[in-house]
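Hi everyone, thanks for making time today.

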Amino acid sequence: QLQLAESGGGLVQPGGSLRLSCAVSGGSLARYAIAWFRQAHGKEREVIACISRVGKIIPYSDSAKGRFTISRDNTKNAVFLQMNSLKPEDAAVYFCAAVEARFGDYCPGFVDAFDYWGKGTRVTVSS
């Protein structure tokens, strides 16, 4: 059973940066497409970006484009989300999710496509 664990969240001032990590265990990361989602209080879970099994990146969130970068290191079984120029509206619980990808560039952008989820890490952006 694949397991995912997010870390790196916390309190940051507007304009600051955070790097989130998603540690994957129970399987080889190389078989999976991974996405980062976030869910703000009272709102639906939204996709930020997906990185395919072969490293193709699909940035789904317009609000995150140019500020957030997804990356993966299969040798470390980890996926990362570098977040720069953070805004108060970026405050949310951030989740990573995985789906086994038959095709190398498969990288969906919706919640129901993913089979495995972490428990989330909270990001607070406030001065």
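We'll go through the disulfides one at a time.

A quick word on the ground rules: this is a predicted model, where local features need pLDDT of at least 70, side-chain atom pairs count only at pLDDT 80 or more, and totals for chains, interfaces and linings use all residues. Residues are numbered from 1 along each chain as its sequence is written, and side-chain values use heavy atoms, with hydrogens and water left out.

So, how many disulfides does a search of the whole structure find? The search finds two, where a disulfide is a pair of cysteine sulfur atoms within 2.5 Å.

Let's start with C22 and C96, whose sulfur atoms sit 2.1 Å apart. C22 is in strand β3 (residues 18-25) and C96 in strand β9 (residues 92-100), so this pair ties together parts 74 residues apart in sequence. Strands here are DSSP runs (E, at least two residues), numbered from the N terminus. The angle about the S-S bond is 75°, and the link is right-handed. Are these cysteines buried or exposed? C22 is buried at 0% relative accessible area, and C96 is buried at 0% as well. Buried means under 20% relative accessible area, exposed over 50%, and partly exposed in between (1.4 Å probe, protein chains only).

Now for C50 and C107, with sulfur atoms 2.0 Å apart. C50 belongs to strand β5 (residues 46-51), while C107 lies in the loop between β9 and β10 (116-117), 57 residues away. This link is left-handed, with -100° about the S-S bond. C50 is buried at 0%, and C107 is buried at 6%.

Finally, if you number the bonded cysteines in sequence order, the pairing reads 1-3, 2-4.

Methods
Helix = DSSP H or I, 4+ residues; strand = E, 2+ residues; numbered from the N terminus.
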